Amino acid sequence: MKASFFASVPYTDEVASRDWPAPPMLCDRGAGIRTMSRAMEQALFAEELGFDWVSVSEHHYSPRIVMPSPMIFAAALTQKLKRARIALLGPLLPLTNPIRVAEELAMLDAMSEGRIVVLFLRGTPNEILTYRNNPDESREVTQEGVELILRAWTEPQPFGWEGRYFKYRTVSVWPRTVQEPHPKVFTSGNSPDSVRFAARHRIGLAMSFLPLSAIKQRVQLYREEAAKEGWEPTADDVLYRFFAHVAESDEEAARNIGQVKVDLRKVFNINQNVVEAVTGNRPEMREIDGPFLCGGPATVVDQIAELRECGVGNMDLSFTWPGVSHPQQLRSMECVGKSVLPQIRGL
Amino acid sequence: MAQAKQIDPLVSKRTIEVDGVGLEIREAGKGRPLVVLSAGEQAQLDPFLNGLGARNRLFMIDLAGAGATAERDLARCVSQGLARLGLDRFSVIGVSRGAPIALALAIAAPQQVDKLILLAPPPWSGRDEDLRAGLPEIEAPTLVLVGTRDRSGAAATARVLKEKISACQLLLIYDTSETIAVDRPTACLSPIDEFLDRGVEFVVCHESQIIQH
């Protein structure tokens, strides 16, 4: 089992608004510096603790995760991290020019000497609003974008692309990626259709915040679909992102996380009618009453073993949780690094 | 896709015999002379051909019946047959197994071939050695279309063409198999049209990017 530290880059100061988009006037200019430097320190700490990857995501217009450009933060990480892989989980393809994404990732792969991992995503409802993309087309756009990027990384001759959503007459990406044929690629496995897409294109499967039973089903489907395509995924092809809080004991972990319930529908902080208009339906209530991994080291190692049983070989850990302070997050990371990671290496 | 309109009433059909080879030539459409070489696929290509016929005078030659005639010989027959129709300058589209003949024609009759377009060119076979050797001689601006779901080996052929022909553009048609023009006829027609109009300069975008005046 490999462990990834999710550098979620939360804004360091208190913000009076929970709305999306959050008004820029609420962002203290100095806090922008503190936010970025604290995130970098935390990423370095994760590497020191033995995490295999440091990951970044793409989110816009909000203090919750201050990371509009994962490429920029990843570029800084390539110069600071000496060993850990740098996982971009991930660029939102409907919001970008996929050729530019292919070029920037190739640069990052060279700058990191071949340590880039990437997950291409569609974006959450608020991200789709950011640059005015049509949510009805975001899945198709993302799938075409993934194929285009894979082609741009592997096609030895300059080419043009006549797509449904993208059209180019001249594509010829320099530098080539250091990793051959290209960096490890994941796509979302949160819906059955996207699981089939990943299997068909022989790329990794990434899930987030799903219950264990759903992970098991998705991985099973992924294996079945991959078999039809004539290949067999391993645990290395499966990535799962979730919340984690680890303390010295189960009791201490329970005290730290408190009695908070998190409704995953509401993490976007946007008007429910807008969410409905974006997603096309009223999302199901998905309330969780604690991080997926929660407890002292022994409990957590058992939980990770269960995850491994489901076929997951890479776990991306977010240490944020309402009410858990930054120092508590650092202690939680430390518990994982010192007492959990050594025990899960062989899983 | 809706049933395509027949290319009739403009269509006419004649057979020309050159060196013992009978070439059946169907004509349709209005505009620039454009020779379509295929080998047995034309029935499925109606929506594509219909689109091409809107701006081109098509001379469609199905070479499926030509049997084992060498490409070089077949190309010479086609060149002479078309000359007999008074065509001294035209562009050529080679569809799938028509592509090697189109290449042979561009090598054998450079004075006749204005622009060359190949759709899903098949993998090289042993008998294509002459053809491969002649590729650097091709002067006609060339456009090669390959489907992103094509598993026939067309992409590998296209790469060789791109490398050896001096003015060659490779265009991947997303979400199509080896039957590109059947899968997404419009996605093929639009770049072909631009290429016929502008040759290699079709890489320049002149579509307005203004959202609102």
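One thing to keep in mind throughout: you are looking at a predicted model.

**Stop one: a pair of helices in chain A**

Select residues 29–49 of chain A, which form helix 1, and then residues 326–344 of chain A, which form helix 11. How do their axes run relative to each other? They come within 9 Å and cross at roughly 20°. Angles under 35 degrees count as roughly parallel, so helix 1 of chain A is roughly parallel to helix 11 of chain A. The crossing of these two helices is right-handed.

Now show the side chains where they meet. On helix 1 of chain A, pick Phe45(A), Ala46(A) and Leu49(A); facing them on helix 11 of chain A are Leu330(A), Met333(A), Glu334(A) and Gly337(A). Sorted by class, this contact has five nonpolar residues, one polar and one charged.

**Stop two: another pair in chain A**

Next, select helix 6 of chain A (residues 192–200) and helix 7 of chain A (residues 212–228). Their axes come within 8 Å, with a crossing of roughly 40°. That angle makes helix 6 of chain A oblique to helix 7 of chain A. Here, too, you have a right-handed crossing.

- from helix 6 of chain A: Pro192(A), Val195(A), Arg196(A), Ala198(A) and Ala199(A)
- from helix 7 of chain A: Arg218(A), Leu221(A), Tyr222(A), Glu225(A) and Ala226(A)

By class, the contact between helix 6 and helix 7 of chain A has seven nonpolar residues, three charged and no polar ones.

**Stop three: the largest nonpolar core**

In soluble globular proteins, nonpolar side chains tend to be buried together. In this model, the largest nonpolar core has 157 residues. Which of them touch the most other members? Select Val54(A), Val36(B) and Ala102(B). Then highlight helix 3 of chain B (residues 99–108), which gives this core its largest share, eight residues.

Zoom in on Ala102(B). Setting aside neighbours within four places in sequence, Ala102(B) is in contact with Leu37(B), Val92(B), Ile93(B), Gly94(B), Leu116(B) and Leu118(B).

**Stop four: where the chains touch**

Finally, show both chains. Their contact takes 15 residues from chain B and 13 from chain A. On the chain B side, select helix 5 (154–164), strand 8 (168–173) and helix 7 (185–198), each of which supplies at least two residues. Which of these elements gives the most? Strand 8 of chain B does, with five residues. The chain B side divides into nine nonpolar, two polar and four charged residues.

Terms used
Residues numbered from 1 in each chain as written. Chains lettered and ligands numbered in written order. Predicted model: local features only at pLDDT ≥ 70, side-chain atom pairs only at ≥ 80, totals over all residues. Axes fitted to C-alpha atoms, helices over the stretch in contact; angles between N-to-C directions. Helix = DSSP H or I, 4+ residues; strand = E, 2+ residues; numbered from the N terminus. Parallel < 35°, antiparallel > 145°, perpendicular 65-115°, else oblique. Left-handed = near helix turned anticlockwise from the far one by under 90°. Contact = placed C-beta atoms within 7 Å. Nonpolar A, V, L, I, M, F, W, Y, C, P; charged D, E, K, R; others polar. Core = buried A, V, L, I, M, F, W, Y, C linked by C-beta atoms within 7 Å. Buried ≥ 20, exposed ≤ 12 C-beta atoms within 10 Å, placed from the backbone.
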